[in-house]
Amino acid sequence: MASVLTGLGGNTLNVALPSVVRHFHAGPLAANWMLLAFMLASTVLIVVFGRFADMFGRRAMYLSGLGAYTLASLLLGFAPTAWTVVGLRVLQAAGGAMLLANSAAIVTDAFPRERLGRAMGVYTASFSIAQLAGPTLGGYLTDAFGWRWVFWYNVPFGVLCLVWGAVALRPVEAASRERGVDLPGNLLVLAGLGGLLFGLSQVNERGWGSPVVLGGIAVFAVLLPVFLAVERRSARPVVDIALFRDGPFALGLLATFLNATARMGAVVLLALFFQSVQGDDPVTAGLKVLPMSAVAVLASTGAGFLENRVGARTMTVLATALTTLGLLELLAVLGRGVPYAPVAAGLMLLGAGSGTFLPSNATALLSGLPSHRLGVVNAMRLMVQNTGIVVSTALAFSIIAGPVPTALRAHVFAGDLSRVPGQGVQQLVVGYRYALACMAALSALAVLACLGTRRAERSR
């Protein structure tokens, strides 16, 4: 329930944002940060809270996260200014990061190995459910009750989850011997990763040559070697560099990044395709993308049963192969007049691949780890995954817009290019093909990474 709640929190505001902006008479900068603050804060804080959970106990950190998320949701409905909304979204994201850093680790700790795959499948299906319901729920609440209820609906469910969690979650002994905070490491994570994500988030608006974009990437590039040097010398590193000497772990994280970069770009692009190329309204476009999320829910819940027979790492290979096949299918059929059926087939392949990969990869990375390492490893997995999503969005949008004349690019992202006379739509289709080819190549690399992980595991 808490995973569905936080998953909804990440995307219900997307639909309600125009109402919030109108209410506060907010400018473009504040409007952008209402969405950006949540994504940036949840990504850069997640590895910090994963480390804290291993030190101080997952149950306490999880319940604290629920409390912070619920309190922020309540206060957001009373926010007096647009920038107060931005600040409270950071608090909401921090609570969500405490939950995400701990949830998969709690599941891994709670279930025996023979049932872990099925449990992880149900857990990861919650995010697909949130993706399915988020836009619809956000639109309904805004129309029926006003924008404040996009935040307030979280409160009764958050309180219920908090009470239920306090009763049901068994205490897990904190790793007392691991106590101690790596303050320099934490600050470097916040500054370096925050700079990278902020820079990439500005690509669509400013372009790759913008000083803001290049500056964010430069901050990351400069601080990364500093971070590695600090972590090697730290007695209690926020990220244990020694973990990367383990072949299956390092390749598993690489597969996580490549898979997220490949599939999320396609997800974002397809919703825009139906509007900018085929002229659909936003509601119709949203409905046309739904089969992917629906199949992902089914694949997530079913993946665990197959894991018991073929193994989690074999399932990641099959999942990334399905994603690659879906991207290649879309690359082959996508065009201005393409019927919906072949596009839906490609979307369902993507959904099957995504729904299978997420629980299988989580099980493969977390299974067999000592309890005091589960929090930080799960947080690293999610941090890498979220970074891949941001990279994917920046890369995909910049590629599709490349062949389109500069004067028409605003119409691409407004979704009304199909109503503009000229060759803009055909040029956009060319951009889509370039982008899908790039995503398919990244997904093929993810297949190779998963094969390498499987081989490294067997050679131990």
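**Cavity and helix packing**

Mentor: Happy to! The residues lining the largest cavity divide into three nonpolar, four polar and one charged. Keep in mind that this is a predicted model.

Trainee: Okay, which residues line the largest cavity?

Mentor: The lining is made of Gly-252, Ala-255, Arg-313, Thr-316, Asn-361, Ala-364, Cys-450 and Thr-453.

Trainee: And which helices supply at least two residues each of that lining?

Mentor: Those are H11, H13 (312–333), H14 and H17 (424–458).

Trainee: How much space lies in the largest cavity?

Mentor: About 40 Å³. A search of the whole structure turns up one cavity of 30 Å³ or more.

Trainee: Let's move to packing, then. At what angle do H11 and H14 pack?

Mentor: H11 (residues 247–276) and H14 (residues 340–366) pack at about 155 degrees, and their axes are 11 Å apart. Angles over 145 degrees count as roughly antiparallel, so H11 is roughly antiparallel to H14. The crossing of H11 past H14 is left-handed.

Trainee: Which residues make that contact?

Mentor: From H11, they include Phe-249, Gly-252, Ala-255, Asn-259 and Arg-263. The H14 side includes Tyr-340, Leu-347, Ser-354, Phe-357 and Asn-361. By class, the contact of H11 with H14 has 13 nonpolar, five polar and one charged residues.

Trainee: Nice link. How does H11 pack with H17?

Mentor: The angle there is about 160 degrees, with the axes 8 Å apart. H11 and H17 are therefore roughly antiparallel to each other, and they make a left-handed crossing. In that contact you find 20 nonpolar, nine polar and one charged residues.

Trainee: Changing topic: how far apart are the axes of H8 and H10?

Mentor: They are 7 Å apart, and H8 (residues 183–201) packs against H10 (residues 211–233) at about 155 degrees. That makes H8 roughly antiparallel to H10. The crossing of H8 and H10 is left-handed.

Trainee: What meets what there?

Mentor: In H8, the contact residues include Pro-184, Gly-185, Leu-188, Gly-192, Gly-195 and Gly-199. Among their partners in H10 are Val-212, Gly-216, Phe-220, Leu-223, Phe-227 and Glu-231. By class, the contact of H8 with H10 has 17 nonpolar, five polar and one charged residues.

Trainee: Why do you keep giving me an angle and a distance?

Mentor: Because two packed helices are described by the angle between their axes and the distance between the axes.

Key
Residues numbered from 1 in each chain as written. Predicted model: local features only at pLDDT ≥ 70, side-chain atom pairs only at ≥ 80, totals over all residues. Heavy atoms only, no water. Axes fitted to C-alpha atoms, helices over the stretch in contact; angles between N-to-C directions. Helix = DSSP H or I, 4+ residues; strand = E, 2+ residues; numbered from the N terminus. Parallel < 35°, antiparallel > 145°, perpendicular 65-115°, else oblique. Left-handed = near helix turned anticlockwise from the far one by under 90°. Contact = heavy atoms within 4.5 Å. Nonpolar A, V, L, I, M, F, W, Y, C, P; charged D, E, K, R; others polar. 1 Å grid on protein atoms, 1.4 Å probe; cavity = no way out; pocket = protein on both sides within 12 Å on 5 of 7 lines; lining within 4 Å. Points joined across faces, edges and corners; volume = space filled by probe spheres on them.
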